[in-house]
Structures are given as C-alpha cells and as structure tokens.
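Could you walk us through this protein, one question at a time? Please take a look at the sequence and the model before we start.

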Amino acid sequence: MEVMQKQNKEIKQEKAIKITGAEAVVKCLLAEGVDLIYGYPGGAIMPVYDEFYKYQDKLHHVLTRHEQGAIHAAQGYARVSGKVGVAIATSGPGATNLITGIADAQIDSTPIVCITGQVASHLLGSDAFQETDIVSISTPVTKWNYQITKASDIPEVMAKAFYIAKSGRPGPVLIDITKDAQFGELDFIYKKCSNIRSYNPYPTIDNSQISAAAELINNAKKPMVVWGQGVVLGTAEKEFKEFIEKAGVPSASTVLGLSALPSDHDLHVGMVGMHGNYAPNVLTNACDVLIAIGMRFDDRVTGNLATYAKQAKIIHFEIDPAEIDKNVKTDIAVLGDVKETLASVLPLIKENKHTDWHQEFKDLYKVEYDQVIHDQINPTKEGLTMAEVMKILNQETKGEAVIVSDVGQHQMIACRYANFKQSKSKITSGGLGTMGFALPAAIGAKMAEPNREVVAIIGDGCFQMTIQELGTILQTKTAVKVIVLNNEFLGMVRQWQELFFDRRYASTVMTNPNFVKICEGYGVQARSVKKRDDLNEAIAEMIASKESYVLEVMVEKEGNVFPMIPTGSSVSDIRLK
C-alpha cells in the first residue's frame with residue numbers, strides 16, 4: 001500500500017501544470033536547489049521579478065547596486081559554497097554590465113548561471129529600446145549560452161544551463177529570455193539534466209597513463225607538484241593531500257589553488273608565479289619531474305615558456321583536454337576528474353621522503369626570508385607595510401577566515417602572507433584580474449558562509465570601482481569586514497612604472513575621498529589608521545565587530561611587492577629586490 005502511495009505521489013509530481021514562463025523560471029531555480037540570487041530589475045525582466053515577489057519566502061533575491069556587483073557576488077557565493085551562483089539582469093545595459101563578471105568566471109572556472117531579460121521576440125533585430133544581442137556578445141566568454149523565445153523551452157534550457165555550468169570544468173552560462181516568453185504559458189514539468197549528446201564533461205580515465213605517471217613519480221629524484229584551483233573545484237583536497245604525503249613531494253600553489261592545502265603543511269613550499277615565492281620558482285627549473293595538478297600553465301606561472309622546466313618530465317592531471325599541451329608540452333597527460341585520477345594513482349605510488357630535495361627549498365626560503373619577508377612583516381621604517389597588516393590579521397583570525405582580495409599589490413601581498421587552515425578560503429580574481437571584484441565577491445562569500453569571518457583586502461583604486469556595493473551591505477546587513485590598503489596610488493602599475501619606466505608615474509597618483517565619511521553615509525562602521533601603534537587594536541576591533549566594518553590603513557606610498565619575475569623572464573630569474 002505504501003509503495004502504491006509513493007508511486008502515485010511521484011506520478012502526481014510529474015503531472016504538468018499550466019503556468020507562465022516567468023513562473024517557470026522561478027520553479028526551475030527552486031528545483032535546482034537555488035535559494036539565493038543576485039540581481040537588478042528592469043523592464044525586460046520584470047515578469048520574472050513579479051514572480052520573485054510571490055516566491056520570496058523560498059527564494060531570496062539580493063538587490064545589488066550595479067549588475068557587475070551582482071555577478072561578482074554570485075561568483076563569491078559560488079567559490080565559497082561550491083554551488084552554482086545565479087545572477088539576473090534586464091536587457092541592454094543590464095545584460096552588458098554582467099559581461100566583465102562573466103568573463104572573469106569563464107577564465108577562473110566559476111559555475112554561474114546568468115539570466116537576462118530581452119525585448120519581445122517580434123522586436124529582435126529592430127534596435128528596440130534596451131535591445132542588445134547579448135548572446136553574440138557573451139559567446140566568447142561563456143561555457144554555453146542560449147536565447148529563449150518560447151515559454152515551452154524554459155524548463156529544458158534551464159536544466160541544461162545548470163548541468164553545463166557545474167559539470168566537468170565549471171563555467172558561466174547565460175540564458176536570455178524574451179519578454180513574450182516570460183508572459184507566455186506552458187505545461188510545466190521539470191526534469192534535471194544529467195546528459196547532453198556530444199557533451200562529455202568527464203573524460204574517460206586511461207589506466208595506462210595512470211601507471212605511466214606513477215612510474216615516473218616513483219623514479220623521480222627531484223619531483224615537484226604545482227597545483228591549481230582544479231583541486232578545489234574537484235573537491236579533491238583529501239586525495240591531493242594523501243598523494244603528496246605518500247610521495248613526499250614538495251608542492252607549490254598557483255594563486256587560485258591557495259587554501260586547498262593548509263598553509264603550514266610541511267610539504268607546502270609556497271606559491272609560484274610572478275610574485276610567488278623564491279624557492280618554488282627557482283626550483284621549477286631544477287626539478288626532474290613536474291607534476292601539474294588542476295592548473296593551466298598560465299603565463300604568470302610559467303614566465304618565459306622557452307625556458308620553463310625544460311629539464312623536467314611533465315605530468316599533467318587535468319579535466320579539460322583543451323589545456324593539455326596548450327602552453328607546455330606534457331610527457332604524460334592524465335585526463336579525468338582529479339578526485340578520481342588522484343585516487344587511482346595513489347595505490348601505485350611508493351612512499352618517499354626526498355629529504356635532500358626538500359632541504360633545497362628550505363635553504364632558498366631562508367634567502368627570501370632574510371632579504372624580503374623579515375623586513376616586510378617586521379618593518380623598522382616609519383611607513384606601514386601591507387605585509388605587516390596581513391601578519392596581524394593572521395593573528396586575529398588564526399587562519400580561519402575567508403580572505404577575498406581584489407587585484408594589484410594588495411592582492412599579491414594577501415596571497416603571499418595570508419594563512420589558511422581550510423579549503424575555499426582564498427577568493428580572488430585570477431585570470432582576468434578584475435579590479436572591483438573583492439567587495440561584491442565578499443558579500444557573496446559571507447552569504448555562503450555566514451558563520452565564518454570574511455575579510456576583503458582591497459586597494460584604494462579597486463575600492464572605488466564598486467564602492468556603491470556598500471549600499472548592498474547596508475540593505476542586507478551583511479557583516480563583511482574590509483581592509484582598504486591605501487597607498488594613494490594605483491600601486492601595481494606604479495611599481496612597474498618605477499622599475500621599467502624610469503619612475504614616470506603617468507596617471508597612477510590617486511586623489512582619494514574621505515573613505516570613512518563615505519562608509520558612515522552608508523551606515524557602515526569605519527576607521528582610518530596611520531600609525532603602527534594603532535594597528536593591532538584597530539584590526540582587533542574590526543574582527544570583534546558583529547557588523548560590517550571598513551578599516552582604512554594608510555600604507556607606505558611607494559612600497560613594492562617582491563620577489564618579482566619581470567615580464568618575459570625565466571622563472572629562475574626571479575628578482576628579490
């Protein structure tokens with residue numbers, strides 16, 4: 001009897017109901033487990049917003065102050081939660097204002113579904129008010145996009161959108177819905193998508209490549225791992241840790257890979273890249289086997305490709321076949337979900353320590369510490385350094401906070417000096433380098449993890465890119481903490497001008513407003529610090545606050561971030577000063 005009742009219930013659930021396209025959009029979101037979206041209303045998406053009003057007890061909409069704020073907030077939410085972020089906007093400028101964030105999500109593999117309104121289908125191509133061909137515009141920067149002109153297409157397309165966004169190598173998807181499709185009616189049934197013809201997001205694992213990789217690793221004298229965000233996206237932190245511990249391999253992170261492994265782990269030898277650590281950069285050109293895991297050999301990691309790890313055999317663990325041999329020629333390509341491929345290779349790996357090889361990393365770290373790090377975190381000069389701010393923040397948060405950074409000098413300092421104990425704790429714009437990312441992304445991150453401390457590290461230039469999102473904080477009462485590292489310059493550009501353009505500071509000097517007064521106008525607690533004696537107490541006060549808080553720290557004007565690999569140079573030519 002119970003079985004029959006259950007079957008009847010399932011049949012009843014699958015029975016079609018007649019609703020509008022706008023309501024179908026909402027029901028699709030709910031069916032995918034979405035309970036939080038970010039957006040900005042307008043005429044072409046108004047029917048969907050009318051349904052949000054009816055479903056606000058089930059679906060929370062966050063009104064940002066700009067569509068770029070909406071997409072970045074959705075990114076922060078997705079990166080911390082591991083779920084698909086959702087952003088919504090109207091047609092024309094509303095849709096185009098999403099493009100920067102969509103491009104950011106594409107290059108950083110962030111799962112996002114964007115929904116845009118569009119003029120009625122009979123007006124398409126007529127240059128109607130707020131009409132823009134957003135499908136053509138977004139095609140280069142989306143994993144998939146689609147324009148819906150009939151209400152009946154909404155369930156199937158929405159199901160595909162979520163499947164594509166989150167499967168395999170994640171990415172952004174954009175669905176453009178004409179206004180008549182939103183008003184039109186359909187017989188609604190929703191079925192989640194689990195397969196699309198010709199779309200293979202999870203490559204079949206080749207066991208011969210697994211065996212070949214294991215043999216190469218087992219015979220290596222100086223193996224080195226460089227891991228990226230693929231470890232986090234694949235939820236493979238456990239498998240990754242077991243793999244490197246058994247193999248005893250020194251392991252370095254890319255910018256986006258940070259926090260997949262605790263900062264204080266014995267095998268964590270730092271960060272590679274333009275402003276990464278000295279040892280892993282130099283020793284990239286000394287290892288005999290380079291094991292790349294879930295990373296794409298970005299130019300900021302490799303430096304001059306003609307001199308990158310030419311002495312090493314390259315093993316590449318990767319889910320996206322397009323990344324294999326794209327920049328660096330691999331000897332063994334291990335295609336597949338990294339969680340599965342690492343689990344498959346682990347039984348074949350022999351336990352090892354590589355003690356002498358590890359000592360080389362330790363010796364070079366001491367060189368970096370003595371020449372760079374010590375004076376940055378323990379300065380004796382009058383001006384405050386960004387690194388000492390991060391040192392005190394580490395002490396206050398004990399490495400348990402989510403650190404969201406913008407783009408520039410402060411970003412590299414946050415990547416170099418922040419400590420992490422758990423995964424999904426370092427959020428930044430990596431591949432696109434989007435100024436203005438951090439404030440809205442921190443809002444999304446805090447909403448994803450309300451019980452964790454979320455601290456945005458932002459420069460004075462980046463802060464003014466999306467400063468209006470303080471209004472979102474005001475309205476939602478989101479307890480985001482913000483540290484504005486203010487050097488009154490566009491710092492990273494100024495550093496390059498100093499080093500490579502004879503100190504010609506063209507258009508990089510910033511005349512800034514009173515950030516404290518602006519924050520107070522938005523109802524956000526704020527404070528400015530200029531003296532070292534006040535810094536500890538100010539950071540402690542910020543962290544202790546139960547509400548949002550902006551702390552401006554006036555740092556040295558012409559401080560530089562070192563080490564540094566000049567553009568076009570080899571990773572082993574990294575400069576310490």
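**Questions and answers**

Q: Which residues is N281 in contact with, leaving aside its neighbours within four places in sequence?
A: This is a predicted model, where local features need pLDDT of at least 70 and side-chain atom pairs count only at pLDDT 80 or more, while totals for chains, interfaces and linings use all residues. Residues are numbered from 1 along each chain as its sequence is written, and side-chain values use heavy atoms, leaving out hydrogens and water. With contact taken as heavy atoms within 4.5 Å, the partners of N281 are M271, V272, G273, G276, I565, V571, S572 and I574.

Q: Does N281 count as buried or exposed?
A: N281 belongs to helix α13, residues 278-284; helices (H or I, at least four residues) and strands (E, at least two) are DSSP runs, numbered from the N terminus. Buried means under 20% relative accessible area, exposed over 50% and partly exposed in between, with a 1.4 Å probe and protein chains only. At 0% relative accessibility, N281 is therefore buried.

Q: How are α12 and α15 oriented to each other?
A: Helix α12 (residues 237-247) and helix α15 (residues 338-345) pack at about 30 degrees, with axes 9 Å apart. Axes are lines fitted to C-alpha atoms, for helices over the stretch in contact, and angles between N-to-C directions run from 0 to 180 degrees. Angles under 35 degrees count as roughly parallel, over 145 as roughly antiparallel, 65 to 115 as roughly perpendicular and the rest as oblique. The two helices are therefore roughly parallel.

Q: Which strands stand at the edges of the 6-stranded open sheet?
A: The strand order is β3-β2-β4-β5-β7-β6, with parallel pairing; two strands pair if DSSP finds at least two bridges between them. From one strand to the next, the twist averages 20 degrees. Each edge strand has a single partner, so one side of it lacks a neighbour in the sheet: these are β3 (60-63) and β6 (144-148).

Q: Which strands does helix α3 touch?
A: Helix α3 (residues 46-54) packs on the sheet, its direction making about 125 degrees with that of β4. The strands touched by α3 are β2, β3 and β4.

Q: How many Å apart in space are L124 and T178, C-alpha to C-alpha?
A: L124 sits in the loop between β5 and α7 (134-138), and its 31% relative accessibility makes it partly exposed. Not counting residues up to four places away in sequence, L124 touches Q118, V119, E131, Q147, T149 and T178. Though 54 residues separate L124 and T178 in sequence, their C-alpha distance is 8.9 Å.
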